[in-house]
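Reader: Could you show me how to read the place where two protein chains meet, starting with the structure itself?

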Amino acid sequence: MTDTTPPDVGALYLRYRKILHAVAFGVLQGAGRQNDAEDVVNDVMLTLQESSPKTTVTNWEAYLVIAVKNRARDVLKSARVRHAGGPLLEHDEEDPARDLAEEAAERIDSQREGALLWDALADLDSRTRQIVWRHKALGESSSSVAKDFGINASRVRQISLEALDVLREPLMKKGVQR
Amino acid sequence: MNDREEQLAELITARALNPDLEGPDWVTSSEWEKIGQLARVVRDLRVSAQAAPPLAQDRTAVMLGLVPDPHVRVDRAALKRARQRAGLTAGALTALLNDRGWEVAASDVLRWETQSADDLFPALLEAIARELDTQVGQFTSTVEVEGSPQEQLFSGAAFQALTARLAAVLAVPVEMAEARLRSASIATAYRGDHPDQQQAMATLEAFVSVIEFRHER
């Protein structure tokens, strides 16, 4: 794909659907909402089909991963508001007390282990994420992954290990016991 | 990575697959604790990697036209003629499809023209047609299975009306919209549902309505 030619949405989905479903699943699982994962992914892809992003996208993998992560968080946020019995406010500044409660609740939710891991995964640079995803999550051999990135197999294993260490960090900071 | 680091990395995978694995003597307790934490991350990644449904049952894949329609047959000779009329080599067509994001090789293009094109799905057929500056119908035909409940559904006026609506909202030719609706119907059957015609039409109506609603938002 070139920078100036927008890819077909179907092509993007075929290429990245596994990680997109995984991100949605991972973020929502912590709140017991993993059954909403397919809807989240569906929503993001159909939105993309209906209208292109306003700015030029140079890295579609990163764009889609972050879009799915954010949409999954929106689902958690709206569920929390509905559970509290309040309407969805358009402008939070109308109710500062609700702002603080929302922020605290969001922090608590974001501290759930599943969301932490997927936050960290989404924050990795795209190359590292793709390498650790293919090698560790999908179980592809390091030599197979190495070919696509122009590096050797040992470097794939090293990058994967470093990425796992990064992904482990938020869990350690929050004192998550495994 | 040195040898020890490589061995520790292998232990992470081993422990991810077997959480009850005991640490070997040459690993310190703090290393083993860290390996356990990393192994859990790997397990979480692997579990989540299974979250995507099989392609044929993936609602998003169906909506995007990524599931082959068994009722559509590719005329391999016609496809080749269309490519040649467009003045493209198999390699050139491959490059154009790659530019659109499709992971195809020149060998795939040649296979579609000479051996088998059963793996082609509506969205890729559309991309090929666009690059060849032609219509999908110029190198495909629809296989009718007379009498089957699905064919009765597809030949009905209600189905044709839904096809027209979907074509309008997606701004695609009617034949492409029809292929997507056929795939949606087939995907329902793959999930183990076997609705009667009325239920099937209601499902397809809902499918099109959701897309229309989203388009209007």
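Author: Let us begin with polar contacts, where a pair of N or O atoms lies within 3.5 Å, and where, within protein, one must be able to donate a hydrogen and the other to accept it, while residues adjacent in sequence count only if both atoms are side-chain atoms. Across the interface of chain A and chain B, the rule finds 15 residue pairs in polar contact, both residues at pLDDT 80 or more. On the side of chain A that touches chain B, the elements giving two or more residues are α1 (9-29), α2 (37-50), α5 (113-123), α6 (126-137) and α8 (153-173) of chain A; such helices are DSSP runs of H or I with at least four residues, strands are runs of E with at least two, and both are numbered from the N terminus. The largest share of that side, 12 residues, comes from α1(A).

Reader: How far can I trust these values, and how are the names built?

Author: This is a predicted model, so local features need pLDDT of at least 70 and side-chain atom pairs count only at pLDDT 80 or more, whereas totals for chains, interfaces and linings use all residues. Residues are numbered from 1 along each chain as its sequence is written, chains are lettered from A and ligands numbered from 1 in the order in which they are written, and side-chain values use heavy atoms, with hydrogens and water left out.

Reader: How many salt bridges does the rule find across the interface of chain A and chain B?

Author: A salt bridge is a side-chain nitrogen of Lys or Arg within 4 Å of a carboxyl oxygen of Asp or Glu, and the rule finds 6 of them across this interface. In one salt bridge, the side chains of A:R157 and B:E6 meet at 2.7 Å, N to O.

Reader: What area is buried between chain A and chain B?

Author: The size of an interface is often given as the accessible area lost when the parts come together. Here the buried area (the accessible area, with a 1.4 Å probe, that two parts lose on being put together, summed over both) is about 4100 Å², and carbon and sulfur atoms give 58% of this area. Counted by contact, meaning heavy atoms within 4.5 Å, 47 residues of chain A meet 44 residues of chain B.

Reader: Is B:P122 buried or exposed?

Author: B:P122 counts as buried because its relative accessibility is 5%, where buried means under 20% relative accessible area, exposed over 50%, and partly exposed in between (1.4 Å probe, protein chains only). B:P122 lies in helix α7 (residues 122-131) of chain B, and its contacts, not counting residues up to four places away in sequence, include B:G65 and B:P68.
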